[in-house]
Amino acid sequence: MNPIKKLHSLRRSFTYAFMGIAFCIRYERNMRIHIVAFAYVMFIAVSFYELSRAELLLLILTCTSVMTLEVVNTAIEVLTDKASPEKSALAKIAKDTAAGAVLLASVTAIAVGVILFWDTAVFAEITRYFGRSLTASIALIVSVILSCVFVFAGKERRKRGKNK
């Protein structure tokens, strides 16, 4: 294979991967929730905490593992719905265990967040920051509203199978 064809093939594989992620963002509400949570966690981390590079890396890896498993969960659900459109105990197990993987990663992410962020002095600083600045308060309210629109205004994928 010549180098131009290899480059074209590589570009296509990245395009397909991005299309898969875009599908999850567009059709999976939980993926949109994970994205919003990640954005808020990173904002809080860099704005109010002095995390080490290792702690920041741990936070990023933990959050992205949840989103990665959500993508895998979606792939398993779509394939299961295609392979077994009728009710099936095995299809239900496949979907439930994939969802369980996302749940385990989410619980781990929460635990990591609690360990890294639990500091009542910083909580008080965050409260003062948003309480004393009208601009910051308005920005927070607007960001929460936009986050809700992003999460709940997306399309929901039609579930073909009756495996749940």
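Tutor: An axis here is a line fitted to C-alpha atoms, for helices over the stretch in contact, and angles between N-to-C directions run from 0 to 180 degrees. Helices are DSSP runs (H or I, at least four residues), numbered from the N terminus. The model is predicted, so local features need pLDDT of at least 70 and side-chain atom pairs pLDDT 80 or more, while totals for chains, interfaces and linings use all residues. Residues are numbered from 1 along each chain as its sequence is written, and side-chain values use heavy atoms, without hydrogens and water.

Take α3 and α4 to begin with: their axes lie 9 Å apart at an angle of about 165°. That makes the two helices α3 and α4 roughly antiparallel, the label for angles over 145 degrees. Their crossing is left-handed, meaning that the near helix is turned anticlockwise from the far one by less than a right angle; clockwise would be right-handed. The contact of α3 with α4 has 16 nonpolar, 6 polar and 5 charged residues. In these classes, Ala, Val, Leu, Ile, Met, Phe, Trp, Tyr, Cys and Pro are nonpolar, Asp, Glu, Lys and Arg are charged, and the others, Gly among them, are polar.

Next comes α2, whose axis comes within 8 Å of that of α6 (residues 134-152), crossing at roughly 155°. α2 is therefore roughly antiparallel to α6, and this crossing is right-handed. From α2, the residues R29, R32, I33, I35, V36 and Y40 meet S143, V144, S147, F150, V151 and F152 of α6, where contact means heavy atoms within 4.5 Å. By class, the contact of α2 with α6 has 8 nonpolar, 2 polar and 2 charged residues.

α2 also packs with α5 (residues 120-132): the axes come within 11 Å and cross at roughly 100°. α2 and α5 are therefore roughly perpendicular, a label for angles of 65 to 115 degrees. Here F43, I44 and F48 of α2 touch V122, E125, I126, Y129 and F130 of α5. The residues of this contact of α2 with α5 divide into 7 nonpolar, no polar and 1 charged.

In short, α2 is roughly antiparallel to α6 and roughly perpendicular to α5, whereas α3 is roughly antiparallel to α4.

Terms used:
Angles under 35 degrees count as roughly parallel, over 145 as roughly antiparallel, 65 to 115 as roughly perpendicular and the rest as oblique.
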